[in-house]
Amino acid sequence: MNEVSLTALFVLLAGLIVLSGFFSSSETGMMSLNRYRLKHMAKNGHRGAKRAQGLLKRTDQLIGVILIGNNFVNIFASAIATVIAIRIWGDAGIAIATVLLTIVILIFAEVTPKTLAALFPEKIAFPASYILGPLLKILYPAVWFVNLFTGVILKVLRVSADHGSSEHLSREELRTLVNEAGALIPSKHKDMLVSILDLEKVTVNDIMVPRNEVVGIDLEDDMDTIIRLLRSSQHTRLPVFRGDINNVQGILHMRNTPKLLMQEDVNKARIMQLCREPYFIPESTPLNTQLINFQKARRRIGFVVDEYGDVLGIATLEDILEEIVGDFTTDYAATSQDIIPQDDGTFIIDGATPLRAINRTLGWKLPLEGPKTLNGLITETLETIPETNVCLLMAGHRTEVLQIKDNVVKAAIVHPALRKRKLTLTRPQRRQG
């Protein structure tokens, strides 16, 4: 070292600091890469992404080669700095070199490179992969030796080298990823994706048309009543039952009725010939499962039944799709409304209106864990069936019972939880087929 000039030593020291910065930035850049974006870029043929993905498959080897290189250049730099300091300041130069080299390495070989790599991981990691790949092959024996002892220590600590390496996202993590996508995903598409993730939490009895609202053909009615219903129905499918919906006979598709109505001898037997056998759905079936079941059975409508086999209502494929894409309907002739806005900003709501429909229509957050309808939520909050018109605070909404009939809240006035601009709403009639 005495024969080497100070200029050459300074150049060598500067080169070692640059190499230390390279290893530091490579480590941070590689670990900061978005694994899903990396997979996408590698799939599209990006060479740097492919190399980086290959290195990250064995994280222990990648970290091993980076740390071996980084520690080697840092120790070598420390030795060179000590030689330079002794030549300039004598024995006191050892302490001076330690302080100065620590500051230089922290600033130029650690903090600055790692900060840049954290901010721009792809710009650092992809070029570095062209160097780290061949370097790993050259230093593989040393890396293997180091990882051998590391593996023994991890086993003693009962930690698997593959622990935590899974790149699969849970449903909640995927929901967070979608919500945090910002402008990268349009808000409408974002809502649809989140709704798909939520299908598992919703069952068919949450979205069904309750039995008291089902429009169908009762075979015990006279033919004139049945024909009038066939001619005036706005639905594409009608349940056919005898006396009570629990005694369901089948489903009649309205596309089969024009030819039927043109015949002079229209009778109930002919109607039954055109019916398709009924399809039943357990009330606790999640929507994602039922969507697949509809597809397998090639059905679009089913009867929701409880554990005793009693019909609770009907659920359709359109009802499930509305949970994903929002309300849509072709039934513009419908005039009935479940939610009627008032001039003072309140809403008159039918007691049988599902809470999910209220939340979706008004953007509210009424609880969905218990009762399914507004009437159910009111009676649960009061812990009794109201006998007179009462006012209560329900889930942050001031609610006034407007009409009670047959021990059921038929209508109520509900105030918004927060003051908002007056909304003009026209909620379409729920379809049954």
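Is Cys391 buried or exposed, or partly exposed? Select Cys391: its relative accessibility is 48%, so it counts as partly exposed (buried is under 20% relative accessible area, exposed over 50%, partly exposed in between, with a 1.4 Å probe and protein chains only). Now jump to Cys275, which counts as buried because its relative accessibility is 16%. While you're on cysteines, the disulfide count comes to zero, a disulfide being a pair of cysteine sulfur atoms within 2.5 Å.

A quick word on what's on screen: this is a predicted model, where local features need pLDDT of at least 70 and side-chain atom pairs count only at pLDDT 80 or more, while totals for chains, interfaces and linings use all residues. Residues are numbered from 1 along each chain as its sequence is written, and side-chain values use heavy atoms, with hydrogens and water left out.

**Stop one: two crossing helices**

Select residues 6-32, helix H1, and residues 93-119, helix H5. (Helices, H or I, of at least four residues and strands, E, of at least two are DSSP runs, numbered from the N terminus.) Their axes come within 8 Å and cross at roughly 35°; axes are lines fitted to C-alpha atoms, for helices over the stretch in contact, and angles run from 0 to 180 degrees between N-to-C directions. Among the residues making the contact are Leu13, Ile17 and Thr28 of H1, and Leu101, Phe108 and Ala117 of H5. Contact here means heavy atoms within 4.5 Å.

Zoom in on Ala117, in helix H5. Ala117 has a relative accessible area of 0%, so it is buried. Leaving aside neighbours within four places in sequence, Ala117 touches Ser25, Thr28, Gly29 and Ile124.

Next, pick out the five strands of an open, antiparallel sheet, in the order E8-E9-E12-E11-E10. (Two strands pair if DSSP finds at least two bridges between them.) At the edges, pairing on one side only, are E8 (339-341) and E10 (391-394). On average, neighbouring strands are turned by 30° against each other, direction ignored. E8 pairs with E9 (residues 347-350) over three bridges, and Pro341 has Phe347 in E9 as its bridge partner.

Finish with the helices here. H16 (residues 355-362) lies across E8 and E9, at about 35° to E8. H17 (residues 374-382) packs on the sheet, touching E9, E10, E11 and E12.
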